[in-house]
Amino acid sequence: MTAQPPWSDQPITSTAQDCFSRSDYARRVADVIATSRSENTSVVFGLTGPWGSGKTSLIEMVLECLRDARPQWGVARFTPWSSADVSGLLAEFYASLTAALPTDHGEAVRKSFATLLQFAAPAARLIPLAGEAASDVMEKSGQALARSAPWNEAFQDATRKLRSTGVPLLIVADDIDRLQADELVALLKVVRLLGRFPGVQYLLAYDDHTLTRTLSTAWGADDGGATARSFMEKIVQHPLVVPPLLDHQLLERFGEGVDQVLRESGRPSIESGRLGEVVDILPALLPTPRAVDRLLAQLRHYLVLLHPEEINDEDVVLLALVRTAFPRLYDALPRWKSRLIQGHSGVLDHSASSLRYAPVRWEELWQTETAPDSARDRAERLLAQLFPKAFPEDTSTADSGERRICDDRYFDRYIAMTILKDDVSDTQVRDALDEARESRGEALVGLITAGTGSQTALAIGKARTLGTIGTSEERLVVVSVLSGMVDRLDDSRHVFESNRDRAISWMADIISPLDRDVRAADVVDALSGAPFVERLRVWERVVDRVRADGVQRSWVEEVSRVMGDAAVDRLVEHLHKRDEASTDEPPAYYVHVAVKCGRGDRLRERVEKAMNGSVVVLEDLAARMVSTRWLMGVETPPQLGDVNQELWAAVAPDVDDSWYLLPREESVDRDDLSWANRGRLARGRFHRPRRGDDEHGDDVSPTG
């Protein structure tokens, strides 16, 4: 197949450009036009086909064949768009006809036409536009013109002048179905009655269904187009049909066109197979060459707007099919975004016995937005390839690939075909990670900290899934970059992760797979740029991940010892400050981390030593085991919560202390977060831990 240039909806101009093997058909049409010519009559050929089926291209090939085989023929291209009334159309018609004649004959014919035009308007008024049956219009109109002596004499004189030139003429009028109703009726007057010169042939091109509908509207006929078709049978003696394309021809044009567009934009070929799942419906979605070429033009425009690593090209093609075949359905996609992506309504089904979402009422999509009933199955099959959770029964391969429209992070860029204000470029994320691996972390820090909270969340999320960081050394470099900026991220309490939580989890993801021979000191150093609590939060997640994969790494135990001891030291330091200690610190969390890192015995030893020095008392420790609570998503100050018996059992010394006998304080102000007030709340609520000789404390190896 000949490669097509960027689409401009221009017809081909010669048989050399024929992509659909229509050249032989064009030669036959040219031969029929020439051999049917008679000096005594005029023949009208009607070339019909749907919009975009290639009528104009076929006309160009017919004219080329006519010129090659019979160069004596003159061709007049009649453009009936400049005037809606018959007089204006006649003037344009006669001008076109004269222009097709040799110069030495044109002047005499032009003068004859000028005389004929003087009678055009009165004669035209004798022909009814509407209100009468088509069978009566032609007969009465012809009789009226015959009785108009000035018109008849001028017409006969013009006929003699044309005949004397010896030039056979073909008048071509393309796309006449696109005229308004009154313009179309006026044109047909000219063709049938006012310009029907013997020896002059006509070639009219139109979509039969559109033209029939237009004429029916003009005459107010409500008979399913029967009147209009009867009328056109009197106009057109030789109906010709543009040969419809076979399915394999359309699919070949589509497939080769998509491949060419991908090559032009420097993108790899599509291999996932999701287009193959809808190949059987493509001819119905793209029934004409114009439909295929319009789709390819959209792809040429859209694919270059985003880098290949920012979008899934197959989704772009499938979405273009929706836009081309079902434009109203395409317009509805943003409003149905969550339901299409999630595959459910988002509304809990309270009538169900178990917790589940109510199913989506897809009929509402079809009713309000639309695909015709006859095409609904095709529309649903396209959506199934784009949104597999919404239509799981219709697809087997639709969940393949990355950066899909069915991913909430990417949906909007498919609709806008750009990186939106709140979006984050995948390419930027990868480039920033590449720089961070080389100790140039400015781009990564800027990407994560410069935007809105949603942009930060998106940037971290993409970095966790898109980035390939590489060696252990490179991983620790990236951790160092993140350690230095983690405290700049929002840590607001929320039902979902805060952005600081996301960054901490990402750091743990980076650290956990480090090689066995990594030095523990290098890991500690990489985390040193983060605030103390954030360091502990990262390490806690690392311990969880290492336990889950069950792989022994000596550096994990060493770092756990360092982190656990640091948590113990910070707790003891906090206890020594007693009621003057900062309420912004989380001493209970220090206990939790120390135990998780296997330093429970050391924790209790240090606490007992602090208490034996008569500086710290049991109530000081108990106060640290009183939690605080927040209302999620509500901007209110925290309040005192419950006591943590589990942590108390892990840290409290097994001593007989009269503090355990104090009664509960029932009227404690829970808005007062001071350590002294927490100590009052703790009274009477903790139990003395009992440890037998066979117990080994709470030390647990971080590797299980």
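**Sheet, arginine and cores**

Tutor: Start with the sheet: 5 strands, in the order E2-E3-E4-E1-E5, form an open sheet with parallel pairing. Strands here are DSSP runs of at least two residues, helices (H or I) of at least four, numbered from the N terminus. The model is predicted, so local features need pLDDT of at least 70 and side-chain atom pairs 80 or more, while totals for chains, interfaces and linings use all residues. Residues are numbered from 1 along each chain, and side-chain values use heavy atoms, without hydrogens or water.

Student: What makes strand E2 (74-77) an edge strand?

Tutor: E2 pairs on one side only, as does strand E5 (238-241).

Student: Why are E2 and E3 called paired?

Tutor: Pairing takes at least two DSSP bridges between two strands. E2 and strand E3 (residues 169-173) have 4, so they pair. In one of them, Val 75 partners Leu 170.

Student: Why does Arg 22 have no salt bridge?

Tutor: A salt bridge needs a side-chain nitrogen of Lys or Arg within 4 Å of a carboxyl oxygen of Asp or Glu. The nearest side chain of opposite charge, Asp 18, is 6.0 Å away, so Arg 22 has none. Arg 22 is still buried, meaning under 20% relative accessible area with a 1.4 Å probe, protein chains only.

Student: What makes a group of residues a nonpolar core?

Tutor: Its members are buried Ala, Val, Leu, Ile, Met, Phe, Trp, Tyr and Cys residues, joined through side-chain atoms within 4.5 Å. The largest has 81 residues. Helix H27 (residues 554-576) gives the most, with 9 residues. A second, separate core of 56 residues includes Phe 20 and Trp 362.

Conventions. Buried means under 20% relative accessible area, exposed over 50%, partly exposed in between (1.4 Å probe, protein chains only). Lys and Arg count as positive and Asp and Glu as negative; His and the chain ends are not counted.
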